[in-house]
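I wrote down what I looked up, in the order in which I took it.

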Amino acid sequence: MQTRLLARETGDLEPQEFARSLASDLIRTFAPAPQHRFNGEILTSQAAPGGVPSFAVEERAHNIRAHGAGVSALEVEKFDGRLMISGGADGSIKIWDLENAPSPHAIHTFKPAMSIARSTQDARSSTNRGHSHGVTHLAFYPFDAGAFLSSSFDKTLKLWSMPRAALSAEFPLNATIYSHSTSPIADHLLVACATQHSNVRLVDLKSGAAVQALVAHGGPVLSTAWSPQYEYILASGHADGKVRIWDIRRAGGVVAQLDQEDSLGVVHRFALAAANGADWSRQPHFRAAAQAHDEAVNGIKWTDDGRYIVTAGLDRKIRVWDADTGANTLASFGSIVQNQHAKTANMLLSPSGLCSSNDVLVWANDQEMLVLDLHDGTVITRLRGPGVANPVGPRSAEIGRNRITTMAWRGAGGSGCRTLGPVMGGAQSLGTIYSAHLDGHIRAWMVTIPGPDDVDDIEEVDKNEEVRMRKRKAVDDAYKSLMGKNITFT
C-alpha cells in the first residue's frame, strides 16, 4: 500500500490505476457483517425468560426477519447505492434506506422506509395493491431510481413509483414470470420477460401492452438479458439448453445461438467460408442444434462493457462467451458449482473497470457465496454465513432454510461509463454485497479495511518474530562454541 501511495504521489501511478489496484485487493476481503440487520417483522416472543425485557428478546438476531415467509428477490439502485428493495415469498415488497446506518462498523437494525403489503381479495381495489403470490424478481428502472419493476407467481408485471410506493401500471401476462430485464442503454421502453411459455414476452411500458413475442420452441424461458452495447440485441436462456441471441427488429428474430462446442467463433467460420470460396451470405451462421448447456439455462449476464456473456445451467456449469464472436472461452469453474433449482439463477459480476485484474463473478452456491475469477475460474474466496457447516441437533432440519435465493451488489457510479468509473459501496459503505435467504434474513457482507489496530497487531507480530530470531541465534552460537560444528535449527 505504501509503495502504491508513493507511486501515486510521484505521478508514476495514475489515480484510476491506483483505485483499481486497491479495489482488486479489497474485493478479496469480503466478510460477514452481522452488525447490520434488516428487521421487516419481529417474531414476537410470548414471554421474556429471566426477567429480560421483551423488546430485548425480540431484537436478538435470530428473531429478526426482513420477510417472515422468506426473501425471494433483492435489488440495490445503482446511482447512489442508497435504496434497496426486497420481495418476499408472501408477495410483499419492502423498501430500505441503506444510508440510515451511521457507520458501516456500528451495530444498526434497518427498518423498512416503505412497505407494499401482499394483495388480498379485500385490497384488490386499492391504489397500492401488491402481488398476491411470491415475488420472483425486482429491478430498478435503469435510468431512474424513482421507479422499479416487480414480477410474481401471480402472472403479473408491475411498475411502481418510488416516492410513495404507488402502483403506476400493471401488466397481466397469463404466465408465470420468472424474471425480467430492461435495456441499460435503449431509448425504447421494452421489458423482456422470461415466462413459463416458450416465447420471450416483450412489454412496452409506453403503450402498456405486451407488444411482441419472440417465438422459440425450447420450452420455458428462464432468463433474459439485454446487450449493454446494442439496444436491440437480447439474449435468452431456455429449458432446452440453448441460448438464443435476438435482434428484436428482425422478423426472423434469432441471429445467433451459443455453441458449447465452438471455441473459435463466427470469425473463424467466416474465414473458412472465404477460403473455400463459399458465399457467406448464404451460409448458416450457426448450427441449429447448437446448445450452450446440456440442461436448462437459468442464468445470463453481460459484462458491463459488453465484451463477454456469462451463462449458467442446471448441468452445474458456468460458461463465459466472447460476445463479439460467440466463441466459448473455455473458462472452467470446476465441480464446485451448485445449481439445481429450476428458477432464474442470480449471479453478480463486478463492474467492468473496477479491478486492475480480471473481473469477478459472485455465485450463490446454496448456503455460501463463491467469489470467482471470471476468466480462469479460480476461487478467490468463499463466503459462508453463520451455522451452515455440519449443523447438528434441532437446527439441522432448517439447513435448507438458510439457502441463498438472490444477491445484490451495492455500488455507485452507474455502469462504468463515467470518467472515474464505478466505485465500491455508497456513501456509508466501502463495498457491500447483500444476500437474501429462504429463512427471511437479509445478510450483509463487507470488505475489510485494515485500521490502526491491525497495524499495531502487525508491528507486534514483527517484534515477537525478531525476539525469536535473536534467541535462536544465541542457541546456535552456544552449540557452535561447545561442539565446534555449525548446527542450524529450523
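The entries below go from a helix and a loop to aromatic pairs and then to a sheet.

Entry 1, the model. I note at the start that this is a predicted model.

I looked up helix α2, which covers residues 15–26, has 12 residues and reaches 16 Å from its first C-alpha to its last, close to the 16 Å expected at 1.5 Å a residue. I listed its buried residues as Phe18, Ser21, Ala23, Ser24 and Leu26. I then turned to Leu354, which I found in the loop between β25 (347–349) and β26 (360–365). The C-alpha atoms of Leu354 and Ser24 are separated by 7.7 Å, although the two residues are 330 residues apart along the chain. Leu354 has a relative accessible area of 4% and, with the cut-off for buried at under 20%, is therefore buried.

I recorded 7 aromatic pairs in the structure.

I next looked at Phe38 and Phe110, whose rings form a stacked pair with 4.7 Å centre to centre and 10° between the planes. Phe38 lies in strand β2 (residues 36–38) and Phe110 in strand β8 (residues 108–110), so this pair ties together parts that are 72 residues apart in sequence. Phe38 is buried with a relative accessible area of 2%, and Phe110 is buried with a relative accessible area of 2%.

Entry 4, a sheet. I looked up an open sheet of 4 strands, in the order β25-β26-β27-β28 and with antiparallel pairing. Which strands stand at its edges? They are β25 and β28 (379–384), each with a single partner strand, so one side of each is left without a neighbour in the sheet. Neighbouring strands of this sheet are turned by 15° against each other on average, direction ignored. Between β26 and strand β27 (residues 368–373), which run antiparallel, I noted 6 bridges, and I marked Ala364 as standing opposite Met369 in β27.

Terms used: Residues are numbered from 1 along each chain as its sequence is written. This is a predicted model: local features need pLDDT of at least 70, side-chain atom pairs count only at pLDDT 80 or more; totals for chains, interfaces and linings use all residues. Side-chain values use heavy atoms; hydrogens and water are left out. Helices (H or I, at least four residues) and strands (E, at least two) are DSSP runs, numbered from the N terminus. Buried means under 20% relative accessible area, exposed over 50%, partly exposed in between (1.4 Å probe, protein chains only). The expected span of a helix is 1.5 Å times one less than its number of residues. Rings of Phe, Tyr and Trp (its six-membered ring) pair if their centres lie within 6.5 Å; planes under 30 degrees apart count as stacked, over 60 as edge-to-face and the rest as tilted. Two strands pair if DSSP finds at least two bridges between them. Axes are lines fitted to C-alpha atoms, for helices over the stretch in contact, and angles run from 0 to 180 degrees between N-to-C directions.
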